[in-house]
Amino acid sequence: MIFEEKRKIDKLRSEGYGCTAISDMLGISINSVKSYCRRSKSKKEKVVVRKSSKSGCDFCGNALVHTEGKKKKRFCCEKCRMSWWNHNRDKIHHRTLFEITCRYCGEVFKSNNKNRKFCSQKCYKDWRCSNAAK
Ligand SMILES: [Zn+2]
Ligand SMILES: [Zn+2]
């Protein structure tokens, strides 16, 4: 197919004409119009995928190479992944803090261990003492 024909097809397609109408208007066989449409369409889709998957490493910001169909990567390498987790470990723990009422003094405290029952070692000892006295 010559360049002039391709350009005409592109123009008609951008105006919303289907493959059949284009083949009629230009006098090109429907099969070559269709195969050209298919080829140029897949080319366009590829560009979109490349654009949308362009994002940097969460830790260092380096460009990431995503493999199509696979889960998106967040880090460029294992080292960045580990460093990111080390940096954000505190934040992650803050999110999973439990609010616990101290069994001895009744004060509400926060802990990442939901099985804790006392706000401090002192309360635990005092509770033990007062219970033992009974
Ligand atoms: Zn990185
Ligand atoms: Zn307490």
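At what angle do helices α1 and α2 pack, and how far apart are their axes? This is a predicted model, in which local features need pLDDT of at least 70 and side-chain atom pairs count only at pLDDT 80 or more, while totals for chains, interfaces and linings use all residues. Residues are numbered from 1 along each chain as its sequence is written, and chains are lettered from A and ligands numbered from 1 in the order in which they are written.

Helix α1 (residues 3–14) and helix α2 (residues 19–26) pack at about 135 degrees with their axes 10 Å apart, where axes are lines fitted to C-alpha atoms, for helices over the stretch in contact, and angles run from 0 to 180 degrees between N-to-C directions. That angle makes α1 oblique to α2, since angles under 35 degrees count as roughly parallel, over 145 as roughly antiparallel, 65 to 115 as roughly perpendicular and the rest as oblique. The contact is made by Glu5, Lys8, Ile9, Leu12 and Arg13 of α1 together with Ile22, Met25 and Leu26 of α2, two residues being in contact if their C-beta atoms, placed from the backbone, lie within 7 Å.

Just after α1, Gly16 takes a positive phi of about 100 degrees.

Although Arg81 and Asp58 are 23 residues apart in sequence, their C-alpha atoms are 8.2 Å apart in space.

Notes:
Helices (H or I, at least four residues) and strands (E, at least two) are DSSP runs, numbered from the N terminus.
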